[in-house]
Amino acid sequence: MFETLKYLIGAAGASGYGSKSTGEQVTENCGGLHSITVIITGATSGIGAETARVLAKRGARLVLPARSLKAAEDAKARIISENPDAEIIVMGLDLSSLNSVRNFVSEFESFNLPLNLLINNAGKFAHEHAISEDGIEMTFATNYLGHFLLTKLLLKKMIETAKTTGIQGRIVNVSSSIYNWFSGDTIRYLGQISRNKSREFDPTRAYALSKLANVLHTKELAQRLKQMETNVTVNCVHPGVVRTRLTREREGMVTDMAFFLTSKLLKTVPQAAATTCYVATHPGLVNVTGKYFSDCNEASTSKLGSNSTEAARLWTASEIMVSRGSKAVFDPLTSTFDYDMSMK
């Protein structure tokens with residue numbers, strides 16, 4: 001009850017910010033981002049678009065990858081109308097396609113730009129069951145696996161940038177508190193829903209799985225970056241509940257009524273972007289890594305979300321799933337999988 005009251009009134013936490021803080025407010029003391037290059041996925045609308053707008057306002061160079069180049073160009077135009085001097089690069093990227101991720105990284109590297117900040121923000125809530133071209137359930141492929149590969153392929157650039165500039169690199173994974181809704185065996189369930197005409201597919205559980213994967217990815221990657229002694233951190237955020245285009249596949253009376261009834265708990269988009277902006281830029285978070293943030297303050301994760309064994313297990317599975325030329329085939333009965341290397 002006390003935590004709910006704090007949320008409703010926007011009481012500030014230890015960071016000095018709370019649920020009512022906005023992206024602009026939490027970046028007022030970031031010292032300017034004119035030397036920062038940032039990649040933000042899912043920046044054509046909603047929380048991602050607001051995050052991009054705020055970072056551009058603070059001077060950052062933006063790279064906006066999107067499946068729809070028109071949507072990305074429109075987002076760029078909106079930002080430039082407010083900040084005419086903003087430097088924004090639009091690129092094509094379909095996160096559900098591992099080949100598209102590889103092509104994006106290859107093209108980005110050809111620009112010879114630094115990379116200080118990677119915000120893995122894009123998200124999808126699919127109500128209909130679908131399988132990606134790589135044989136993975138579509139929600140998981142888009143929300144997690146594409147970002148896993150994107151981060152993996154961009155790490156070298158981020159590490160090099162941090163070393164040459166002396167500016168600590170930051171990776172921000174946008175998750176959701178809905179990850180708590182998942183229980184059970186992560187790999188087994190992924191195997192079950194990554195089959196055509198899966199009877200086990202439940203949209204909400206699949207979404208929760210993908211968001212849990214974001215949390216586990218953060219935990220495991222943080223440990224690996226520490227072991228490598230890099231000057232790059234990674235943290236995970238829950239932006240809060242806000243009505244964005246994430247619900248676009250189910251607009252209508254039921255959705256409208258649900259959001260009306262919970263309106264007092266909803267954040268505005270500027271408020272929802274605050275935690276991402278805070279974790280991405282705040283000087284007080286230097287060397288903070290592997291943490292989960294909500295309402296611009298560090299928060300605890302569930303028992304499953306903090307399970308290092310599960311995080312390592314998911315990492316191993318992910319490495320196999322993104323292996324070039326391999327197509328993962330899961331066995332939900334044993335929670336193991338084989339992969340066909342004949343695709344090489």
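Author: A definition to begin with: two strands pair if DSSP finds at least two bridges between them. Strands (E, at least two residues) and helices (H or I, at least four) are DSSP runs, numbered from the N terminus. This is a predicted model, where local features need pLDDT of at least 70 and side-chain atom pairs count only at pLDDT 80 or more, while totals for chains, interfaces and linings use all residues. Residues are numbered from 1 along each chain as its sequence is written, and side-chain values use heavy atoms, leaving out hydrogens and water.

Reader: Fine. What is the strand order in the open sheet?

Author: The order is β3-β2-β1-β4-β5-β6-β7-β8, eight strands with mixed pairing. β3 (88–92) and β8 (297–299) are at the edges with a single partner strand each, so one side of each has no neighbour in the sheet. From one strand to the next the twist averages 25°.

Reader: In what sense do β2 and β3 pair?

Author: Parallel, over five bridges, with β2 spanning residues 61–66. Val63 has Ile89 of β3 as its bridge partner.

Reader: Which strands does α6 touch?

Author: α6 packs on the sheet against β1, β4, β5 (169–174) and β6 (232–238). The direction of α6 makes about 165° with that of β4; such angles run from 0 to 180 degrees between N-to-C directions, with axes fitted to C-alpha atoms, for helices over the stretch in contact.

Reader: And how do the axes of α6 and α12 cross?

Author: At roughly 85°, coming within 11 Å, with α6 covering 138–165 and α12 covering 308–321. The two helices are therefore roughly perpendicular, a label for angles of 65 to 115 degrees. The contact (heavy atoms within 4.5 Å) includes Tyr144 and Phe148 of α6 and Trp315 of α12.

Reader: Switching to voids. How many cavities of 30 Å³ or more are there?

Author: A search of the whole structure finds three. A cavity is a set of points on a 1 Å grid over the protein atoms alone where a 1.4 Å probe fits but cannot get out, and lining residues have an atom within 4 Å of a point.

Reader: How much space is in the largest cavity, and what lines it?

Author: About 50 Å³, a volume being the space filled by probe spheres set on the points. Its lining includes Asn120, Tyr144, His147, Phe148 and Lys211. α6 gives the most to that lining, with four residues.

Technical notes. Parallel < 35°, antiparallel > 145°, perpendicular 65-115°, else oblique. 1 Å grid on protein atoms, 1.4 Å probe; cavity = no way out; pocket = protein on both sides within 12 Å on 5 of 7 lines; lining within 4 Å.
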